[in-house]
Structure formats: C-alpha cells, structure tokens
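Trainee: I would like to learn how to read a model of this kind feature by feature. Could we take the structure and work through it together?

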Amino acid sequence: MSWDITGKRIWVAGHRGMVGGAVVRRLASEECEVITAGREVVDLTQQAQVRDWMAEVKPDAIVMAAAKVGGIMANSTHPVDFLLANLQIETNIVEAAHANDVDRFLFLGSSCIYPKMAPQPIPEDSLLTGPLEPTNEWYAIAKIAGIKLCQAYRKQYGRDWIAAMPTNLYGPGDNYDLTSSHVLPALLRKFHEAKESGAASVELWGSGTPLREFLHCDDLADALVFLLKEYSGYEHVNCGSGSEVTIRELAETIAEVVGYEAELVFDSTKPDGTPRKLMDSSTLHGLGWNDARSLKDGITQTYADWQQELKKKESMDV
Ligand code: GFB
C-alpha cells in the first residue's frame, strides 16, 4: 500500500518532545502541512479538550509522539504517572481521531512492551508471551493498550491505523535531568560535567552488564514517515538499529566522544532493569527501511547538539 502524504494535514502530537521534534524536522521535507499544539492549547489528558480541539482542527493524519516518558528510575518510582497519563493521552486521542474520521494514525510504543526474558532479537510476535520487566511494566501496559486500541479500531471500524515500537532513543531535545532521564543522555552529561570539574570518576547505575540497543531520534523519524507512507497492517512494527552494547561499552564510547577518561564506579543499589532488549527489526527492513547511523556517529552529533543547547541557555541566562 502507499498513502499519499502530499497536501495532507499531519498533527504531530507531542511536538515539543525529542521524538515529536524529530518528526516535525523530518516532515519539513515533505509536501504536507504540519500541525502542532502545545499543552497550553490542548491538554491531552483531558478528554473534552481533545474532542473539541480535534473537531476544530480535523487532521488527516496523526503521529502519536505524545507520552509521559522517562528512564528506569522515573518509571519504577512513578507507576501511576506512567500508567494513567499514557492511558489518558492515547484513549483521548484515538477516540477523537475516530470521531473525526482521521485517515492515518501512527501510534508509538516502546521496546519495553516485550517480556523481560523474550527471545533475542525480539520478534514482534513475542508480545504478551511472558512477564514484563517490573521497573517499567506500568508504561509497558499503557503502550500495549495503545497497540490493542489501533488493532481494535482496525477490526471494528476498518481504520488503517498502525503502531511502531522504537528501541531506546537519543538525540536532540532529549531529557538530561539525571533522575528522570534515560542512560545515554545521563552519561553524556555525567562525563561532560566530570571533564569540566576534573572529577576522577563517573558513577553509573547498576552493574554495567545489561545490553541496550539505541536509535537516533532523527533515524526513527525517517522510519516513521516511511511507515506512515508505506505500511498498512494489524501487527506493530519494531524500529531498532540492530546493534547493541553493554552499559559499560556505552560509557566507554561516551568517554571517547566527550574526550575524558574517568574511572567507572557502578552503584549496585540501582536497578539494572531488563538484561537485554535487542529487537528483530526485519519486518521494517523487509518493507524497505534500514538506514540507522552508527552509535558512535550518533553520540558525536548528539553531544555537539547538546553543547550548542548549553551555550544558548548560558547566553540567555546572562
Ligand atoms: O535508559 P534506562 O534508564 O532505561 O537504563 P531502560 C538503561 C540501563 O542503564 C539500566 C543503566 O540498566 C540502568 O541501570 N544506567 C547506568 C543508567 N547509569 C545510568 C544513569 O545514570 N541513568 C540511567 N537512566 N540509567 C527504559 C524504560 O528502560 O527504556 C522506558 O524505563 C522506555 O519506559 C525506555 O521503555 C526505552 O532501557 O532500562
């Protein structure tokens, strides 16, 4: 199938986030109209506001990059926030999308939807075949519900809505708060600050042995626009880079990019989470997309982007 994006009005829900921002950047090179709306315009956790806004704007398509997201610590310490807010956002949007006859809807989940001990690389059909990882089961359940909502609307109303499952993401616009962020931005910041202060060591959480797959958000955005145009199917589609590193190896790569060698100190009181979650992205590759940049290149570009952001903030603070 091919969905013609030309002239279409596409709402990027969550445009201020890392993924939403990447999708807006990617759509700039398409012949379409990009619609965005900040929280001050429509609070996506409020059903009435979403209904009214969608009835007024009537987008042709929605890329669902709005979510309550966070790293392992934020997820495991705020279960209500991650389950409730994400359920509210997705149910409000899909219900209003159906009421306003939105043609294409691309739901975004996460690789944490899969069982903790899923076969690796993780195929899409291992969903719901085993217990989830406890640190992020709340977010995972909300995202699984989103996949099921897309399938339910396809089954009951014939909606050509699809779902994509990204792996761990990083890139411009990421969250660098050390308690709520994901590991890659956290380590970039820790090594950057260690270099500035001359600290002898950098503290990491857990054992350093878990394996993680990473994808730059701009590569994800390119894959998402590809799927929006080319994919129509009941099953969700994994979107990964196909390569994984241990957290220790990630730290060593980040040390190299930042240009600062420090002793790695592992805090074993912090959780490791899922030991491994490399996804099988052969469905996506079979459809025709396989264009992820190398982790080293992605981290190098991300560090340069972040340093620019820091300089801009410093100049504004003066
Ligand atoms: O990226 P992260 O927070 O989330 O942690 P997950 C990945 C691994 O990095 C864990 C270790 O084993 C952490 O213990 N780690 C080491 C650190 N040092 C740090 C640090 O300073 N900060 C952080 N954050 N981690 C997330 C889910 O799981 O994956 C989300 O919680 C989402 O819901 C995301 O699904 C894709 O990769 O473990």
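Mentor: Let us begin with exposure, where a residue is called buried under 20% relative accessible area and exposed over 50%. This is a predicted model, and in it Asp-101 has a relative accessible area of 55%, so Asp-101 is exposed. Asp-101 sits in the loop between helix H4 (79-99) and S4, and its phi is near 55 degrees, a positive value in a residue other than glycine.

Trainee: Is Leu-128 buried or exposed, and what is the value of its phi?

Mentor: Leu-128 counts as exposed because its relative accessibility is 56%, and its phi, near 65 degrees, is again positive in a residue that is not glycine. Leu-128 belongs to the loop between S4 and H5, and Pro-121 also lies in the loop between strand S4 (104-108) and helix H5 (137-157). There, the peptide bond joining Gln-120 and Pro-121 is cis, with omega about -5 degrees.

Trainee: Why does Ser-181 count as buried, and which residues does Ser-181 touch?

Mentor: The cut-off for buried is under 20% relative accessible area, and Ser-181, at 4% relative accessibility, therefore counts as buried. Ser-181 is found in the loop between strand S6 (168-170) and helix H6 (183-197), where its side chain reaches the backbone oxygen of Asp-177 at 2.9 Å. Leaving aside residues up to four places away in sequence, Ser-181 touches Gly-71, Asn-175, Tyr-176 and Ala-186.

Trainee: Turning to H6, how does one check its length, and why do its 15 residues agree with a span of 21 Å?

Mentor: One takes 1.5 Å times one less than the number of residues as the expected span; for the 15 residues of H6 this should give 21 Å, and the end C-alpha atoms are 21 Å apart, so the two agree. After H6 comes Gly-198, whose phi is positive, near 75 degrees.

Trainee: Which residues of H6 are buried, and what covers the buried residues of H6?

Mentor: The buried residues of H6 are Leu-184, Pro-185, Ala-186, Leu-187, Leu-188, Lys-190, Phe-191, His-192 and Ala-194. Their cover includes S6, S7, strand S8 (211-216), helix H8 (247-258), strand S11 (263-267) and helix H10 (295-317).

Trainee: How many residues surround the ligand, and which are the closest?

Mentor: The ligand is surrounded by 22 residues, of which the closest are Ser-110, Asn-168, Lys-190, Pro-271 and Asp-272. By class, this shell has ten nonpolar, eight polar and four charged residues. For polar contacts one looks at distances between N or O atoms: an N or O atom in the side chain of Asn-168 is 2.8 Å from an oxygen atom of the ligand, a polar side-chain atom of Lys-190 lies 2.8 Å from a ligand oxygen, and a polar backbone atom of Pro-271 is 2.7 Å from an oxygen atom of the ligand. Taken alone the ligand exposes 700 Å², and the protein buries 98% of that. Helix H3 (72-77), H6 and strand S7 (201-205) are the elements that give two or more residues to the shell, and H6 gives the most, with three residues.

Trainee: In which helix is Met-316 found, and is Met-316 buried or exposed?

Mentor: Met-316 is found in helix H10, and because its relative accessibility is 63%, Met-316 counts as exposed. Between Met-316 and Trp-138 there are 38 Å in space, C-alpha to C-alpha, and the two are 178 residues apart in sequence.

Key. Residues numbered from 1 in each chain as written. Predicted model: local features only at pLDDT ≥ 70, side-chain atom pairs only at ≥ 80, totals over all residues. Heavy atoms only, no water. Helix = DSSP H or I, 4+ residues; strand = E, 2+ residues; numbered from the N terminus. Buried < 20%, exposed > 50% of the residue type's maximum accessible area, 1.4 Å probe, protein only. Polar contact = N/O pair within 3.5 Å; in protein donor to acceptor, adjacent residues only side chain to side chain. Contact = heavy atoms within 4.5 Å. Near = heavy atom within 4 Å. Areas by Shrake-Rupley, 256 points an atom, 1.4 Å probe, with all protein chains shown as cover. Nonpolar A, V, L, I, M, F, W, Y, C, P; charged D, E, K, R; others polar.
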